[in-house]
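Dear colleague,

Please find below the structure that I am handing over to you. My notes on it follow directly after.

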Amino acid sequence: MGVHFLRNITHAKQILQQVRLTPCAANVPKGHFAAYVGEVCKKQFVVPISYLKHPSFQKLLSHAEEEFGFDHPMGGLTIPCKVEDFIDLTHSLNC
């Protein structure tokens with residue numbers, strides 16, 4: 001189980017390293033990354049890197065990789081889900 005967990009973390013970090021950042025996304029504080037969330041209209045979120053270790057967040061990243069590969073049209077990481085679902089997920093990760 002530990003090896004699988006580390007492999008998922010490594011994969012999530014690789015996704016973030018390959019995303020091309022725009023100047024707007026480059027102004028994100030250290031220890032965070034920009035994510036654009038939404039199905040049609042995208043909303044920018046600043047997300048702590050610590051979320052990468054959570055399986056639920058890793059599932060979102062896998063879905064984003066399937067849909068966009070590493071060419072994210074917004075310039076930062078684009079996550080194709082409802083904003084409300086993303087907010088619910090991130091609130092549950094804070095607990």
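Two strands are taken to pair if DSSP finds at least two bridges between them. Helices (H or I, at least four residues) and strands (E, at least two) are themselves DSSP runs, numbered from the N terminus. The model is a predicted one, in which local features need pLDDT of at least 70 and side-chain atom pairs count only at pLDDT 80 or more, while totals for chains, interfaces and linings use all residues. Residues are numbered from 1 along each chain as its sequence is written, and side-chain values use heavy atoms, with hydrogens and water left out.

**Overall layout**

The protein chain contains 4 helices and 3 strands, and from the N terminus on its elements follow the order α-α-β-β-α-β-α. Of its 95 residues, 37% count as buried; here buried means under 20% relative accessible area, exposed means over 50%, and partly exposed lies in between (1.4 Å probe, protein chains only). The chain exposes about 6,000 Å², of which carbon and sulfur atoms supply 58%; accessible areas come from the Shrake-Rupley method with a 1.4 Å probe, and for residues only the protein chains shown count as cover. Among contacts (heavy atoms within 4.5 Å) between residues at least 6 apart in sequence, 56% join residues at least 24 apart.

**The strands**

Strand S1 (residues 32–37) and strand S2 (residues 43–48) pair in the antiparallel sense over 6 bridges. Within this pairing, His32 stands opposite Pro48, and Ala34 has Val46 as its bridge partner. The two strands form a hairpin with 5 residues between them, and Gly38 in the turn has a positive phi of about 150 degrees. S1 also runs parallel to S3, to which 3 bridges join it; in S3, Ile79 is the bridge partner of Val37. S1 is mostly covered, with 5 of its 6 residues buried.

Lys30 is found in the loop between helix H2 (23–26) and S1, and it counts as exposed because its relative accessibility is 83%. Its C-alpha atom is separated by 8.9 Å from that of Pro48, 18 residues apart along the chain.

Lys42 lies in the loop between S1 and S2 and, with a relative accessible area of 28%, is partly exposed. A polar atom of the Lys42 side chain lies 2.8 Å from the backbone oxygen of Gly38, and the side chain of Lys42 also reaches the backbone oxygen of Glu39 at 3.4 Å. Such polar contacts are pairs of N or O atoms within 3.5 Å; within protein, one must be able to donate a hydrogen and the other to accept it, and residues adjacent in sequence count only if both atoms are side-chain atoms. The C-alpha atoms of Lys42 and Thr78, 36 residues apart along the chain, are separated by 8.2 Å.

**The nonpolar core**

A nonpolar core is a set of buried Ala, Val, Leu, Ile, Met, Phe, Trp, Tyr and Cys residues joined through side-chain atoms within 4.5 Å. The largest one has 17 residues, of which Phe33, Val37, Val47, Phe57, Leu60, Ile79 and Phe86 touch the most other members. The elements that give two or more residues to this core are S1, S2, helix H3 (55–68), strand S3 (77–79) and H4. H4 gives the most, with 4 residues.

**Aromatic pairs**

Rings of Phe, Tyr and Trp (its six-membered ring) pair if their centres lie within 6.5 Å; planes under 30 degrees apart count as stacked, over 60 as edge-to-face and the rest as tilted. By this rule the count comes to 4 aromatic pairs. One of them, formed by Phe45 and Phe86, is tilted, at 4.9 Å centre to centre with 55 degrees between the planes. This pair links distant parts of the chain, since Phe45 is in strand S2 and Phe86 in helix H4, 41 residues apart. Phe45 counts as buried because its relative accessibility is 15%, and Phe86 is buried with a relative accessible area of 1%. Phe33, Phe45, Tyr51, Phe57 and Phe86 form one aromatic cluster.

**Helix H4**

Thr90 has its place in helix H4 (residues 83–94). At 10% relative accessibility, Thr90 counts as buried. A polar atom of the Thr90 side chain lies 3.0 Å from the backbone oxygen of Ile87.

With kind regards
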